[in-house]
Amino acid sequence: MEAATRHPLQSYADLITIEEYKKTARPKVVMTWAPHPNALPQAVPNSFAEWMNVTDYEFVITHPEGYELDSAFTGCAQVEYDQRKAFEGADFIYAKNWAAYKDPHYGRVLTADRSWTVDTGKMALTNNAYFMHCLPVRRNMIVTDDVIESPQSIVIPEAANREISAQAVLKKILEGL
């Protein structure tokens with residue numbers, strides 16, 4: 001169900017995962033842009049931001065300048081251009097790449113700056129945060145092997161929750177018949 005601007009089943013699975021793993025009522029959730037060689041759509045980050053904005057979580061989006069998302073999706077999220085600062089005290093780190101949104105650079109890769117790769121040094125700035133990604137992932141580009149293979153990586157339970165999110169939607173559809 002990924003469209004050009006939204007990916008609702010993925011973002012619902014992400015929300016389920018955060019709810020399962022959160023240790024406080026109001027966790028700090030950081031969505032970080034990460035490098036990728038291809039121009040990827042904004043669908044996953046848009047939907048993730050949309051869901052986070054209807055929660056009571058502290059929600060921060062971090063990315064290089066030029067990768068701003070449509071404010072219709074980011075809502076009241078705090079935007080931080082310093083990734084390390086954004087990671088400080090975070091409970092969840094959600095890494096995702098997206099292409100530029102604003103003209104004249106719409107759909108383009110503006111940078112493939114590897115300093116935005118999620119690594120153990122950055123994860124050490126967090127509150128022992130869980131690492132999330134919608135998969136598949138470019139290892140050692142978006143995230144280093146040691147982070148995605150760590151006990152704090154919840155990408156597999158997150159992927160399993162895609163089935164749960166789809167079942168919930170199907171159930172609602174069938175109940176309406």
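Analyst: N140 is found in the loop between β5 (130–132) and α6 (145–148). Helices (H or I, at least four residues) and strands (E, at least two) are DSSP runs, numbered from the N terminus. The model is a predicted one, in which local features need pLDDT of at least 70 and side-chain atom pairs count only at pLDDT 80 or more, while totals for chains, interfaces and linings use all residues. Residues are numbered from 1 along each chain as its sequence is written, and side-chain values use heavy atoms, with hydrogens and water left out.

N140 has a positive phi, near 60 degrees, although the residue is not a glycine. At 37% relative accessibility, N140 is partly exposed; the scale calls a residue buried under 20% relative accessible area, exposed over 50% and partly exposed in between (1.4 Å probe, protein chains only). The loop that holds N140 also holds P136, and the peptide bond leading from L135 to P136 is cis, with omega near -5 degrees.

N128, in the loop between α5 and β5, has a positive phi of about 55 degrees and is not a glycine either. N128 is partly exposed, with a relative accessible area of 49%. The other place is the cis peptide bond from D103 to P104, where omega is near 5 degrees; P104 belongs to the loop between β4 and α5 (120–123). As background, most residues other than glycine have a negative phi, and most peptide bonds are trans.

A nonpolar core is a set of buried Ala, Val, Leu, Ile, Met, Phe, Trp, Tyr and Cys residues joined through side-chain atoms within 4.5 Å. This core has 23 residues, and the members that touch the most others are I18, V29, M31, F48, M52 and F59. The largest share, four residues, comes from α2. I18 touches P27, V29, F48, M52, Y57, F92 and M132, leaving aside residues up to four places away in sequence; contact here means heavy atoms within 4.5 Å. Another core, of 18 residues, lies apart from this one and includes A34, A95, M123 and V137. In soluble globular proteins, nonpolar side chains tend to be buried together.

How is α2 placed in the structure? Eight of its ten residues are buried, so α2 is largely enclosed by the rest of the structure. The buried residues are A43, V44, P45, N46, S47, F48, A49 and M52. Their cover includes α1, β1, β2, α3 (71–74) and β4. T74 in α3 is buried at 9% relative accessibility and touches A49, N53, I61 and L69, again not counting residues up to four places away in sequence.

From α1, S11 touches S47, F48 and W51, with the same exclusion of residues up to four places away in sequence. S11 is buried, with a relative accessible area of 1%. Its side chain reaches the backbone oxygen of P8 at 3.1 Å. This is a polar contact, that is, a pair of N or O atoms within 3.5 Å; within protein, one must be able to donate a hydrogen and the other to accept it, and residues adjacent in sequence count only if both atoms are side-chain atoms.

Helix α1 also meets helix α7 (residues 155–175), and their axes come within 8 Å and cross at roughly 115 degrees. Axes are lines fitted to C-alpha atoms, for helices over the stretch in contact, and angles run from 0 to 180 degrees between N-to-C directions. In the contact, residues of α1 including L9, Y12, I16 and Y21 meet residues of α7 including P157, I164, A168 and V169. The residues of this contact divide into ten nonpolar, four polar and four charged; Ala, Val, Leu, Ile, Met, Phe, Trp, Tyr, Cys and Pro count as nonpolar, Asp, Glu, Lys and Arg as charged, and the others, Gly among them, as polar. I156, also found in α7, is exposed, with a relative accessible area of 61%.
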